[in-house]
Amino acid sequence: MERLQKVMAAAGIASRRKSEELIKEGKVKVNGKIVTELGLKVSANDKVEVNEIPIEREEPVYFLLYKPRGVISSVSDDKGRKVVTDFFSEFKERIYPVGRLDYDTSGLLLMTNDGEFANLLMHPRNEIEKVYVAKVKGIPQKESLRKLEKGIRLEDGKTAPAKVKMLSLDKKKQTAIVEIIIHEGRNRQVKRMFEAIGHEVIKLKRERYGFLTLNGLSAGDARELTPHEVKQLRALAMESTKKNS
Ligand code: URA
């Protein structure tokens with residue numbers, strides 16, 4: 001038995017708080033009857049409807065995918081391109097990505113059917129570290145990399161401080177490999193940060209997400225997270241979200 005708002009959040013309807021509002025507003029039915037009290041607990045057999053639409057309840061599943069380049073971080077694509085859910089076609093659960101990586105970015109992407117977990121991890125206030133390795137055009141000067149570290153003005157505001165490390169450079173080809181650690185997740189953020197210092201990103205890979213790495217996986221591989229990893233991720237997200245609220 002679980003609280004109604006928790007079941008709704010897990011099904012991806014809305015956050016728990018928003019789900020409570022929906023209940024209070026009389027938008028939620030359990031076994032055909034409108035419920036407006038918040039404490040109600042429901043079992044797997046109870047039929048829950050939100051705005052007359054039955055919610056799908058599934059056992060939560062959690063995966064880590066090594067997304068290859070050339071795959072869309074979505075559940076479908078109108079141009080028929082490969083999407084990240086294609087790697088999970090044998091599962092009956094409706095699995096979707098936690099956030100996104102660009103079509104041409106490879107690396108670590110979490111996948112789940114647990115809406116509350118996904119919302120928690122994508123919360124803008126949480127400070128889970130994401131480690132990217134970028135191959136860029138030209139060889140960035142130390143001062144330019146310092147700008148990325150301090151935070152740089154983009155069209156949607158200044159970026160939070162980042163950690164930046166030059167890993168290698170190729171003088172002949174005029175390219176460099178740079179590691180950058182950020183915790184925000186804005187659209188095309190790493191590429192835009194490098195563009196802002198005049199270096200186009202040629203290749204981008206996310207190597208780490210919090211304590212999770214791609215160790216032992218090749219592009220296109222996925223593995224299930226252990227229950228302990230899921231717990232740790234939740235704790236990490238909640239801790240940093242609280243700290244910043
Ligand atoms: N930053 C980007 O620019 N692209 C990604 O896919 C992820 C982070």
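Predicted model: local features only at pLDDT ≥ 70, side-chain atom pairs only at ≥ 80, totals over all residues.
Ground rules first. Residues are numbered from 1 along each chain as its sequence is written, and side-chain values use heavy atoms, with hydrogens and water left out. Local features need pLDDT of at least 70, side-chain atom pairs count only at pLDDT 80 or more, and totals for chains, interfaces and linings use all residues.

Start with the domains. The assignment, automatic or from a database, gives domain 1 (2-54), domain 2 (62-112 + 219-243) and domain 3 (130-209). The C-alpha centres of domain 1 and domain 2 are 26 Å apart.

Now the ligand. Which residues surround it? Leu101, Asp102, Thr105, Tyr132, Arg188, Gln189, Val190, Lys191 and Leu204.

Where does the shell come from? Domain 2 (62-112 + 219-243) and domain 3 (130-209) each supply at least three residues. Helix 5 (residues 189-196), a DSSP run of H or I with at least four residues, gives the most, with three.

Next, polar contacts, meaning N or O pairs within 3.5 Å. A backbone N or O atom of Asp102 lies 2.7 Å from a ligand oxygen. For Thr105, a side-chain N or O atom is 3.0 Å from a ligand oxygen. At Arg188, a polar backbone atom is 3.3 Å from an oxygen of the ligand.

Finally, burial. Alone, the ligand exposes 240 Å², and the protein buries 96% of that. Those areas are Shrake-Rupley values with a 1.4 Å probe.

Key
Near = heavy atom within 4 Å. Polar contact = N/O pair within 3.5 Å; in protein donor to acceptor, adjacent residues only side chain to side chain. Helix = DSSP H or I, 4+ residues; strand = E, 2+ residues; numbered from the N terminus.
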